[in-house]
Amino acid sequence: MHAEIYVSRDAQGRATYSNVPSKDARSLNLETRIPQSPAPASKPISNSANGVAVDKPPRIAAPALSNGFPRIDTATQLQRDDMRKVILRSELQSEQQALLEARKQYAEASAAPELAADGRASSRHSRKIEQIRADLANHERNIQLLQKELQLIR
């Protein structure tokens, strides 16, 4: 069983990923559609009562239910897990790149503070620094959550 992954975007369009739903988050659909193979051709079955060959449709077994959810065969689940890994690794790489960019912005902003007339850092600069710190924290949190989710996949 795997946790659902939710994504929400801030005003700048940056994504935040979590396994906990939030107000504006949407669920990521990580399932892939697997084409179903056609049903095997039916074979004539001899009716012993009258010796006539009769086409009998193949029996299709209903999926076994576990706690109200259909069971999925191992091959399908492995394929879904592989696709999920690809998506999560891609998102992890994006978050790591965004973290590097945020660290660069923080270093630049910290090295050259905007000063107010009285010689102290301006409030605009302080807000900018706080926003960059918040971005850093979000990227670090997203990276941790993505790594944790990747570890949970078999």
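Biologist: Why is arginine 124 called exposed?

Modeller: Arginine 124 has a relative accessible area of 54%, and exposed means over 50%, buried under 20% and partly exposed in between, with a 1.4 Å probe and protein chains only, so arginine 124 counts as exposed. This is a predicted model, in which local features need pLDDT of at least 70 and side-chain atom pairs count only at pLDDT 80 or more, while totals for chains, interfaces and linings use all residues. Residues are numbered from 1 along each chain as its sequence is written, and side-chain values use heavy atoms, with hydrogens and water left out.

Biologist: What makes histidine 125 buried or exposed?

Modeller: Histidine 125 has 5% relative accessibility and therefore counts as buried. Histidine 125 lies in helix α2, where helices (H or I, at least four residues) and strands (E, at least two) are DSSP runs numbered from the N terminus.

Biologist: Which residues does histidine 125 touch, leaving out those up to four places away in sequence?

Modeller: Histidine 125 touches Ala109, Ala112, Pro113 and Glu114, a contact being heavy atoms within 4.5 Å. A polar atom of its side chain also lies 3.1 Å from the backbone oxygen of alanine 109.

Biologist: How do you know that the length of α1 agrees with its number of residues?

Modeller: The expected span is 1.5 Å times one less than the number of residues, so the 38 residues of α1 should span 56 Å, and the end C-alpha atoms, 54 Å apart, agree with that. The buried residues of α1 include Leu88, Leu92 and Leu99, and the buried residues of this helix pack against β2 and α2.

Biologist: What makes β1 and β2 a pair?

Modeller: Two strands pair if DSSP finds at least two bridges between them, and β1 (residues 6–9) and β2 have four, in the antiparallel sense. In this pairing, tyrosine 6 has serine 18 of β2 as its bridge partner. Five residues separate the strands of the hairpin, in which glycine 13 takes a positive phi near 85 degrees.

Biologist: Why is a group of residues called a nonpolar core, and which have the most contacts inside the largest one?

Modeller: The name is given to a set of buried Ala, Val, Leu, Ile, Met, Phe, Trp, Tyr and Cys residues joined through side-chain atoms within 4.5 Å. The largest has 17 residues, and those with the most contacts inside it are Ile5, Val7, Tyr17, Leu28, Leu88, Leu92 and Leu136. β2 (15–18), α1 (74–111) and α2 (123–152) each supply at least two residues of this core, and α2 gives the most, with six.

Note on methods:
Polar contact = N/O pair within 3.5 Å; in protein donor to acceptor, adjacent residues only side chain to side chain.
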